[in-house]
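Colleague: I would like to learn how to read a model like this one. Please take me through it feature by feature.

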Amino acid sequence: MTALRRLTVMEAKLFLRDPAAIVMSLAFPMLLIVVLGVVMPGFRTPVAELAGLRPIDIYLPVVVALAVAGVAINSLPTTMAGYRERGVLRRMATTPVRPAKLLGAQLLVSVAATTLAVGLAVAAATVAFRVPLPEHPVSFLGVFLLGGAATFTVGLLIAALASTGRAANAIGMLVYFPMLFFAGVWTPGPMMPETIRRLSDLTPLGALSQALQASWAGHAVRPLHLLVMVGYLAVVGALAARLFRWR
């Protein structure tokens, strides 16, 4: 536990020394919700098609999903693949501190960064635009943890397949933007065409986004979304563990 604690502190310091990681992982979700709330016309006006809700009310859960993807798909795979490329994991394998502890430390830092990013975005939305907090907070937390874990398995799979940090970053970008589209970053789920929404249901971030929207509004989460997230967690997680290489 002492080694894990020290590695976690070290990884946190390295994370905070990277301006790009701070902006994209921590600040971007908060800045996005603030800019949209201030700049987008009608974003704070109730819409009949949304049952009287404002677009910003249904968009905040989407930003929460975006915060998860920012760390899971962009930051984590690039860091882990870079460690493998530079031989950090190989050298650690010869010490009493096994490489698995470094992976554990990186996951702890990533979860902390995701939680902080979500907290900043929610705080900005509630304070600046009076967006109400989730109607079902326990359901929201459970969906957030399940969907976050499912999304992190995708990041770990990218880290397992990429040979270098640059390759992990490139693969991550190719996965990141389609996932954001299906999560409703450009077109929120309730406003998507039916065919696109059905495809969105089958993606981890799309299922997470729509499940977050449901729990936020006080509705029951669709079983399909829960099954999709559990499926990604089990199948992609097992695949990532099988293919992950320390060397």
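Colleague: How many aromatic pairs does the structure hold?

Modeller: A pair of aromatic rings is described by the distance of the centres and the angle of the planes. Rings of Phe, Tyr and Trp (its six-membered ring) pair if their centres lie within 6.5 Å; planes under 30 degrees apart count as stacked, over 60 as edge-to-face and the rest as tilted. This structure holds five such pairs. In one of them, phenylalanine 43 and tyrosine 59 have ring centres 5.6 Å apart and planes at 70°, so the pair is edge-to-face.

Colleague: Which parts of the chain does that pair link?

Modeller: Distant ones: phenylalanine 43 is in the loop between α2 (19-39) and α3 (55-85), tyrosine 59 is in helix α3, and 16 residues separate them. Helices here (H or I, at least four residues) are DSSP runs, numbered from the N terminus.

Colleague: What should I know about the source of these values?

Modeller: This is a predicted model: local features need pLDDT of at least 70, side-chain atom pairs count only at pLDDT 80 or more, and totals for chains, interfaces and linings use all residues. Residues are numbered from 1 along each chain as its sequence is written, and side-chain values use heavy atoms, with hydrogens and water left out.

Colleague: What is the mean pLDDT of the chain?

Modeller: pLDDT is the predictor's confidence in each residue, from 0 to 100. The chain has a mean of 87, and 98% of its residues reach 70 or more. Confidence is lowest in helix α4 (residues 88-92), at a mean of 83, and highest in helix α10 (residues 223-243), at 93.

Colleague: Which charged end sits over the ring of phenylalanine 244?

Modeller: The test is geometric: NZ of Lys or CZ of Arg must be within 6 Å of the ring centre and within 35 degrees of the ring normal. Here the charged end of arginine 84 sits over that ring, 5.1 Å from the centre.

Colleague: Now the core. Which residues touch the most other members?

Modeller: A nonpolar core is a set of buried Ala, Val, Leu, Ile, Met, Phe, Trp, Tyr and Cys residues joined through side-chain atoms within 4.5 Å. The largest one has 71 residues, and Ile33, Tyr59, Ile73, Met80, Leu205 and Leu208 touch the most other members. Helix α3 gives the most to this core, with 18 residues.

Colleague: What does valine 64 touch?

Modeller: Contact means heavy atoms within 4.5 Å. Valine 64 lies in helix α3 and is buried at 1%. Beyond four places in sequence, valine 64 touches Val118, Val122, Phe140, Phe144 and Leu212. With the same exclusion, the contacts of leucine 208 include Ala65, Val68, Phe144 and Met229.

Colleague: How far does α10 reach from its first C-alpha to its last?

Modeller: The expected span of a helix is 1.5 Å times one less than its number of residues. Helix α10 has 21 residues and reaches 30 Å, close to the 30 Å expected. Its buried residues include His225, Val228 and Met229. The buried residues of α10 pack against α6 (137-161), α8 (194-201) and α9.

Glutamine 210 is in helix α9 (residues 204-217). Glutamine 210 is buried at 6%. Outside four places in sequence, glutamine 210 is in contact with Arg197, Ser200, Asp201 and His225.

Colleague: Which residue follows α5?

Modeller: Arginine 130, and its phi is positive, near 55°. Arginine 130 is a residue other than glycine. Arginine 130 sits in the loop between α5 and α6. With a relative accessible area of 72%, arginine 130 is exposed.

Key. Helix = DSSP H or I, 4+ residues; strand = E, 2+ residues; numbered from the N terminus. Buried < 20%, exposed > 50% of the residue type's maximum accessible area, 1.4 Å probe, protein only.
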